[in-house]
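Hello,

Here is the structure you were waiting for. Please open it first, then read my notes below.

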Amino acid sequence: MAVSPAYQGWRRQSTKEVAKGMNKIFQAVKVTDHVYWVGAIDWNIRDFHGYTTKRGTTYNAYLILSDRITLIDTVRTSFKKEMLARISSVVDPTEIQYLVSDHSEMDHTGSLPDVIDAVKPERIFASIMGAKTLREIHHLEHDIEPLIDGDSLDVGNMKLTFYETRMLHWPDSMFSYLVDEKILFSHDAFGMHLATSERFADEINDAVLDHEAATYFANILLPYAPVITKLMERVDSIGLACDIVAPDHGPIWRSGVGTIMDNYRTWALQKPMRKAVVVYDTMWHSTELMAKAVSEGLASTGISVKHMSMHGNRRSDVAYELLDAGALVVGSPTLNNNLFPTIADVLTYIKGLRPRNLIGAVFGSYGWSGESLRYIRDLLDDMKVEVIGDGVAARQVPDAGVLEECYALGVAVGERVNEKTINA
Ligand code: FEO
């Protein structure tokens, strides 16, 4: 995307100039009397390390106007001035005394070195792993004070308590909890990639929230589902009362806190529904024809089918659909003795997300060698998918007999999903 000369000029201006000139445009949003959102809106991002972000995202940072003014997290590098302008709409950034980094990933710390230079905070805090990771990423010379699980920090007239949330989704992650206002700053957790002019979830359509929160969970947090189950048990056991949940992406939850937490409990279990995802690509429509026969067979057993050609669907769409699916059926042509590239791509991505409780099957067409089924099968085995049968292979164009085999494969998978979900 072309960057306008005006925008380039703005980027060249000093922090001080921006703070003076832009704070009427980029304003902080009041969350409570003492807490302001001072993040940035990324309307245009469409690829977030492999996750297609159709609705953009936000990078949330929060300013606590306690006696010792505290900034929780920062933003991606290119949004530094937007964040500083929003801070300047409330206070002079140099009045910030404490910086807290809840999560070291660059979308929240890319601007941290420049913010430290601009703000010159008295103290900087992160978890033990956070302090280590920040040094590894940014090679900071500043002292970063490590916090351990359960530590509290006096920020003047208010108190922050920290809870380590390791592997949610990095080893460094921690929650910061503003005790006095019952606000949980939850880094990536309970967030979503959604750029909106609204800052609060209760201002946004529920269907959009549900879809984007689930897509985010499936694409970012799913590998750590067992950790999330334990975390939610801990939240319950310590009786952490949250009037507001303020994540690092997407809207702030000031109502619906219970709903998003319940959704996390449910999604983390990955309980399979009577639903199958058929993922395939095709060269000359042979594998496509087979996929249609498989889907017909699945549907005949009462299973809901998501029929996903990788010619048009994104890997993150597949991840979303798998969140509550009972089956993953994969088809690929053999191309140059290998998998079709889009299928290798989506399976590599999905394997990393570690989906659980899936029934599987394989199919595909070939010209003379037919290795694709074996490669898919190996990947599904690695993913601990329960694979039904040996799969169906078609040499060149499938005839009626091969399509009947594909239909029967769909029926066999559907019946196994029905059996498993009914007995669950
Ligand atoms: Fe939004 Fe893991 O960073």
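Contact, in what follows, means heavy atoms within 4.5 Å. Please also keep in mind that this is a predicted model.

Thr58

I began with Thr58, which is found in strand E6 (residues 57-59). Is Thr58 buried or exposed? Buried means under 20% relative accessible area. Thr58 has a relative accessible area of 0%, so it counts as buried. What surrounds it? Neighbours within four places in sequence are left aside here.

Helices H7 and H11

Next, a helix pair. H7 covers residues 206-221 and H11 covers residues 315-322. Their axes lie 8 Å apart, and the packing angle is about 100°. Angles of 65 to 115 degrees count as roughly perpendicular, and H7 and H11 are therefore roughly perpendicular to each other. From H7, the residues that meet H11 are His211, Ala214, Thr215, Ala218 and Asn219. H11 brings Ser316, Ala319 and Tyr320. By class, this contact has four nonpolar and four polar residues, with no charged ones.

Domains

Last, the overall layout. The protein is divided into domain 1 (23-269) and domain 2 (275-417). Their C-alpha centres are 38 Å apart. Domain 1 gives 18 residues to the contact, and domain 2 gives 14 residues.

Best wishes

Terms used. Residues numbered from 1 in each chain as written. Predicted model: local features only at pLDDT ≥ 70, side-chain atom pairs only at ≥ 80, totals over all residues. Heavy atoms only, no water. Axes fitted to C-alpha atoms, helices over the stretch in contact; angles between N-to-C directions. Helix = DSSP H or I, 4+ residues; strand = E, 2+ residues; numbered from the N terminus. Parallel < 35°, antiparallel > 145°, perpendicular 65-115°, else oblique. Nonpolar A, V, L, I, M, F, W, Y, C, P; charged D, E, K, R; others polar. Buried < 20%, exposed > 50% of the residue type's maximum accessible area, 1.4 Å probe, protein only. Domains from an automatic or database assignment.
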